[in-house]
Amino acid sequence: MTVIRIKADLCVIGAGSAGLTVASGAAQLGRKVVLFEKGEMGGDCLNYGCVPSKALLTAAHHAYAVRTGARMGVCASEPEIDFAKVRAHIQRAIDAIHPNDSQERFEALGVTVIREHASFVDERTVRSETREVVAKRFVLATGTRARIPPIDGLDRVDYLTNANIWDLETRPDRLVILGGGPIGCELGQAFRRLGAEVTIIEADRLLGRMDADHAGRVREALINDGVDLTEGSKAARVDGTATDVSVTLDDGRRVTGSHLLVAIGREPVFDGLGLEAAGIETDEAGLVCDDKLKTGNPRVFAAGDIAGKGALTHLAGWHGSVIVRNLYFGLPTKQSSAAIPAAVYTDPPLAQIGLTEAGARERHGDDISVASAAFDDNDRAIAEGLETGGVKLILGKGGKVLGASIVGERADDLLQIVSLTVHKGGKVRDLTEAIAPYPTRGEIWKHAANAHFQPVVFGRWAKMWAGLLSRFH
Ligand SMILES: Cc1cc2nc3c(=O)[nH]c(=O)nc-3n(C[C@H](O)[C@H](O)[C@H](O)COP(=O)(O)OP(=O)(O)OC[C@H]3O[C@@H](n4cnc5c(N)ncnc54)[C@H](O)[C@@H]3O)c2cc1C
Ligand SMILES: NC(=O)c1ccc[n+]([C@@H]2O[C@H](COP(=O)([O-])OP(=O)(O)OC[C@H]3O[C@@H](n4cnc5c(N)ncnc54)[C@H](O)[C@@H]3O)[C@@H](O)[C@H]2O)c1
């Protein structure tokens with residue numbers, strides 16, 4: 001086969017959230033961009049991650065609302081789940097978002113899109129089956145895939161991962177999930193609410209990176225939903241077939257199910273990338289790169305999951321933006337300069353930004369304080385009958401907001417109110433200043449901030465001052 005040679009300003013490998021952000025930014029700035037994608041445009045987020053999982057959860061939460069409406073006088077019987085229609089709803093969501101990430105859109109932006117596997121042949125050349133690209137700069141954005149642990153017998157069972165669970169034509173009857181991270185919790189709750197029996201096996205504690213108290217609210221919700229949850233035990237052995245699995249735990253207990261989902265974390269995708277030829281080093285997390293995402297080869301940058309700095313779509317987008325700022329705007333930007341929020345879309349959802357209480361204590365000892373408020377003291381939450389959860393503000397010296405965590409209805413969106421304060425290095429006082437409409441859940445941040453100032457605002461000196469002023473008014 002003849003190989004066509006191309007010269008470009010930028011060559012991007014991987015058309016997921018990270019690669020697409022860099023490619024569109026550079027192309028809109030008039031750079032000649034070549035983008036390689038060996039699989040689906042849009043990568044994991046659109047096809048096997050965020051979008052299908054959130055669409056599945058939405059269907060599951062509808063089923064839950066039908067089941068529990070009676071407490072508000074809306075009576076309905078147990079919902080009937082048509083799994084084919086649930087799948088159609090997921091596909092509709094993917095199809096609706098697809099045009100943003102499509103080959104056609106990127107070609108219209110002027111990007112040369114090549115749907116082939118790419119690999120380095122030397123420090124500044126990438127080759128695929130039909131093309132060879134020599135470029136000034138390269139971005140590796142090849143993502144991650146499910147990490148498969150070396151558990152005895154696992155390789156003899158047709159287990160599921162986030163990549164193939166969307167192919168199931170019928171709902172699993174009894175789903176066993178290895179891992180109680182975001183994937184285990186979101187998919188576990190979704191399938192449970194859609195009628196499956198679900199067991200989650202978590203080696204440590206559920207949602208271990210999130211605030212422990214707030215993660216506890218998600219734990220309670222999963223247990224109330226009927227999820228069978230085991231924390232602190234690992235799978236030691238797996239037996240069975242694709243539709244009849246048995247997992248033996250390290251404490252000797254046995255868990256059985258019709259399907260097994262492995263969701264214990266991610267591993268970087270380096271396959272056949274020719275990294276040695278390009279002089280690029282790797283470690284367990286991903287490509288070794290500096291704070292501007294430059295690898296050991298000064299022409300090559302890492303972006304998204306493969307950079308080993310976290311696995312989130314908005315982080316991948318931020319990486320893309322950091323690279324475009326540095327290369328094409330001349331704005332020196334470090335990837336660590338932004339606080340990255342995270343949300344888990346269970347019911348209740350859980351979200352956080354900056355340091356957790358535990359992380360802040362580890363770093364700053366007793367120099368921190370925590371201001372909190374609960375949704376059972378928020379009028380909107382009470383009116384909705386959804387009072388679970390609350391917020392925590394983690395405060396450093398001078399009231400600087402070091403971090404925030406929220407659990408409860410719409411926590412994912414509500415976090416954004418405080419995200420700006422954290423991002424700008426703001427103080428707790430900033431949260432007391434804006435007036436929130438009543439009754440909204442967002443009032444809760446002001447409530448927590450006010451709780452911090454309560455002893456001062458209504459303290460002894462304040463009373464004396466008010467007494468003095470009242471003599472003149
Ligand atoms: C079930 C699940 C739910 C998730 N939910 C959320 C969520 O709600 N919110 C959130 O922020 N994050 C979520 N994530 C994480 C999010 O999906 C990832 O962080 C994001 O997709 C990473 O984007 P990326 O561009 O780094 O990699 P990817 O999206 O993995 O894209 C990499 C692309 O590179 C291609 N590729 C690899 N090697 C080559 C090669 N040699 N040549 C050509 N192409 C190649 C691959 O085919 C792939 O399309 C979820 C993940 C999963 C698994
Ligand atoms: N809402 C979101 O933003 C969202 C949703 C899903 C996934 N994601 C991203 O995808 C990444 C991967 O998700 P994940 O849930 O697979 O990974 P994770 O690393 O976040 O969680 C994996 C969990 O599995 C446990 N574990 C590890 N080995 C185990 C074993 N042998 N047996 C049982 N448990 C074991 C860990 O203790 C951990 O709690 C996340 O880190 C996140 O960045 C994000």
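**Close-up views of a predicted model**

**View 1. Lys54 has its place in helix H3.** Helices are DSSP runs of H or I with at least four residues, strands are DSSP runs of E with at least two, and both are numbered from the N terminus. Residues are numbered from 1 along each chain as its sequence is written, while chains are lettered from A and ligands numbered from 1 in the order in which they are written. The unreviewed UniProt entry lists Lys54 under "binding site"; UniProt positions follow the numbering used here, feature names are shortened, and annotations may be inferred rather than shown by experiment. Lys54 counts as partly exposed because it has 15 C-beta neighbours inside 10 Å. A residue is buried if 20 or more other C-beta atoms lie within 10 Å of its own, exposed if 12 or fewer do, and partly exposed in between, with C-beta atoms placed from the backbone.

**View 2. The shell around ligand 1 has 36 residues.** A residue is near a molecule or strand if its C-beta atom, placed from the backbone, lies within 6 Å of it. Gly14, Gly16, Gly43, Gly143 and Gly304 come nearest to the ligand. Helices that each supply at least two shell residues include H1 (17-28) and H9 (313-329).

**View 3. Strand S12 (residues 244-249) pairs with strand S11 (residues 235-241) in the antiparallel sense.** There are 6 bridges between S11 and S12; two strands pair if DSSP finds at least two bridges between them. Val245 in S12 is the bridge partner of Gly240 and stands opposite Gly257 in S13. S12 and strand S13 (residues 254-257) run antiparallel, joined by 4 bridges. These two strands form a hairpin with 4 residues between them, and Gly252 in the turn has a positive phi of about 95 degrees.

**View 4. Leu293 and Arg410 have positive phi values without being glycine.** Phi of Leu293 is near 75 degrees, and this residue lies in the loop between helix H8 (275-278) and strand S16 (300-302). Leu293 counts as buried because it has 25 C-beta neighbours inside 10 Å. For Arg410, phi is about 65 degrees. Arg410 has 18 such neighbours inside 10 Å, so it counts as partly exposed.

Definitions and conventions. Predicted model: local features only at pLDDT ≥ 70, side-chain atom pairs only at ≥ 80, totals over all residues.
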